[in-house]
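Welcome! Let's take a friendly look at the charged side chains of this model and how they pair up.

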Amino acid sequence: RAVLLGAIAVLATVAVLPISPAGQRLLALNETATASSELVEHAQGTTRARLIAWERVLTYTLDDPVRSAVGVGFGPDFLQQSNGDLPIGRGMGVRSPHNYLLTTFARLGFVGLTVVVALLASLVTIAVRTVRRGPPDELTSLCVLLVVSLLIVALLGVILESPFGAAPFFWAAGILLAGERSRRARARQEPKRHPLVSSPQEAIT
């Protein structure tokens, strides 16, 4: 039954995605025949604008030693100051670099970026370790999926800078970190309960 439901879900996705707004945007990025010419032009303009914005924000941040070290802070509009707010059509401009790490670097410099990357790397390590220890329960599985998927998408969109992405991400991260802390606490207490054994594994057996 699970295989059948999975196959139905895949077929439904294949059938519905191309006619949905999100699917049209994805098709437009590759200039497929099923995407409208207006969407193709808009999507490609958006992609070019973001790539240029990434370059300009990075150059702007690296041009000044102070900005490189500690960033511009959370007040200034670094996208406008770097001339990275390029127009992408319909009177709209790029409002964010759409890359969490680049935004962090511009706001907090190398100091903040190092701290954030270290925290994210630690979080991903805990998620991987949690999965490798054995099949996790439903809540833990959800938290692992949220952390990994949102982190990947945050490198190409405004996810962790916005409440709709940051709230579930850090909620899931908190649960994973709390679970890891509890596991380590139990591991430290296990030898005290069984003083005649040399490891927690021996205590279990």
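## What counts as a salt bridge

A salt bridge here means that a side-chain nitrogen of Lys or Arg lies within 4 Å of a carboxyl oxygen of Asp or Glu. Side chains of opposite charge can pair when their charged atoms come close. Please keep in mind that this is a predicted model. In total, the structure holds four salt bridges.

## Pairs within helix α8

Let's begin with E180 and R184, which form a salt bridge whose closest N and O atoms are 3.2 Å apart. Both residues sit in helix α8, four residues from each other, or about one turn of the helix.

E180 also forms a salt bridge with R183, and there the closest N and O atoms are 3.1 Å apart. R183 and E180 are three residues apart in helix α8, so about one helical turn separates them.

Which residue of helix α6 pairs with E180 in helix α8? R129 does, with the closest N and O atoms 3.1 Å apart. R129 belongs to helix α6 (residues 100-132) and E180 to helix α8 (residues 163-193), so this pair ties together parts that are 51 residues apart in sequence.

## Buried or exposed?

E180 is buried, with a relative accessible area of 2%.

## One network

Salt bridges with shared partners join R129, R133, E180, R183 and R184 into one network.

Notes
Residues numbered from 1 in each chain as written. Predicted model: local features only at pLDDT ≥ 70, side-chain atom pairs only at ≥ 80, totals over all residues. Heavy atoms only, no water. Helix = DSSP H or I, 4+ residues; strand = E, 2+ residues; numbered from the N terminus. Buried < 20%, exposed > 50% of the residue type's maximum accessible area, 1.4 Å probe, protein only.
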